[in-house]
Amino acid sequence: MEPKQTKIGIETTDAETGNVDAEFPWADHLGGDRYQLKNFPFYAYGVSFDDVVEAQLKYDDDPYPYLIKVLEKSGHRTLRILLDESVKKSKRSVDILEHLASMDCGYEGMGGEKYFVINVQPKCDFDAVRDYLNAENIQWEYADPTYDQIHEQNT
């Protein structure tokens, strides 16, 4: 029997303004409060595709459960990039995404323009992906693991 898919809320807080926003990725409901993410997170940190999370109803007027914590890491990692030019206008931008795909990374764009979330699959060489982004002078950030988590592992 296929798990039932639903959206779950993942809240993020803007560090500068304190404003709270939410994104709603698809997840398989595994039973109880357990869900497995089936989208790449665009804004949340510390969570990736296929992670198993705990989520519970939070608001009376909202039918979606919200992430409480990550229960099981999937081995996927998440990076985010901001290209200099839109993929609609730049062959270089398209080439960058194609190169990442050749490294077995998945990606999804916000409007397909310049901002992309990169799914670094467990079989991918995470360091090689990072090195490629740096060599191409691409603006990017760690999302899962976060920069702080990477830094803690290396100290």
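Contact here means heavy atoms within 4.5 Å. By that rule, helix α1 (residues 91–102) lies across β8, β9 and β10 and runs at about 145 degrees to β9. Axes are lines fitted to C-alpha atoms, for helices over the stretch in contact, and angles run from 0 to 180 degrees between N-to-C directions. Helices (H or I, at least four residues) and strands (E, at least two) are DSSP runs, numbered from the N terminus.

This is a predicted model, where local features need pLDDT of at least 70, side-chain atom pairs count only at pLDDT 80 or more, and totals for chains, interfaces and linings use all residues. Residues are numbered from 1 along each chain as its sequence is written, and side-chain values use heavy atoms, with hydrogens and water left out.

- An open sheet of 4 strands runs in the order β9-β10-β8-β11, with antiparallel pairing. Two strands pair if DSSP finds at least two bridges between them.
- The edges are β9 (105–109) and β11 (139–144); each has a single partner strand, so one side of each lacks a neighbour in the sheet.
- On average, neighbouring strands of this sheet are turned by 25 degrees against each other, direction ignored.
- β8 and β10 (residues 115–120) pair in the antiparallel sense over 6 bridges.
- Leu 82 has Tyr 115 in β10 as its bridge partner.

**Thr 78 in β8**

- Thr 78 is found in strand β8, which covers residues 77–82.
- Thr 78 has a relative accessible area of 2%, so it is buried. Buried means under 20% relative accessible area, exposed over 50%, and partly exposed in between (1.4 Å probe, protein chains only).
- The side chains of Thr 78 and Ser 48 are joined by a polar contact of 2.7 Å. A polar contact is a pair of N or O atoms within 3.5 Å; within protein, one must be able to donate a hydrogen and the other to accept it, and residues adjacent in sequence count only if both atoms are side-chain atoms.
- Not counting residues up to four places away in sequence, Thr 78 also touches residues including Pro 41, Val 47, Val 117, Ile 118 and Tyr 142.

**Nonpolar cores**

- A nonpolar core is a set of buried Ala, Val, Leu, Ile, Met, Phe, Trp, Tyr and Cys residues joined through side-chain atoms within 4.5 Å.
- In soluble globular proteins, nonpolar side chains tend to be buried together.
- The largest core has 19 residues; Leu 79, Ile 81, Leu 100, Ile 118, Val 120, Val 129 and Leu 133 touch the most other members.
- Two or more residues of this core come from each of β8, α1, β10 and α2 (126–135). The largest share, 4 residues, is from α2.
- Leaving aside neighbours within four places in sequence, Leu 79 is in contact with residues including Phe 116, Ile 118, Phe 126, Leu 133 and Trp 140.
- A second, separate core has 9 residues, among them Ala 27, Leu 37, Val 53 and Ala 55.

**Aromatic pairs**

- The whole structure holds 10 aromatic pairs. Rings of Phe, Tyr and Trp (its six-membered ring) pair if their centres lie within 6.5 Å; planes under 30 degrees apart count as stacked, over 60 as edge-to-face and the rest as tilted.
- Phe 24 and Tyr 64 form a tilted pair, because their ring centres are 5.6 Å apart and their planes are at 50 degrees.
- Phe 24 sits in the loop between β3 (20–23) and β4 (26–31), and Tyr 64 in the loop between β6 (52–57) and β7 (65–72), so this pair ties together parts 40 residues apart in sequence.
- Phe 24 is partly exposed at 31% relative accessibility. Tyr 64 is partly exposed too, with a relative accessible area of 29%.
- Ring pairs link Phe 24, Tyr 59, Tyr 64 and Tyr 66 into a cluster.

**Backbone exceptions**

- Most residues other than glycine have a negative phi, and most peptide bonds are trans.
- The Asp 144 to Pro 145 peptide bond is cis, with omega near 0 degrees. Pro 145 lies in the loop between β11 and α3 (147–153).
- Asp 50, not a glycine, has a positive phi of about 75 degrees. Asp 50 lies in the loop between β5 (34–37) and β6, and is buried with a relative accessible area of 18%.
- Asn 137, not a glycine, has a positive phi of about 55 degrees. Asn 137 lies in the loop between α2 and β11, and is exposed with a relative accessible area of 62%.
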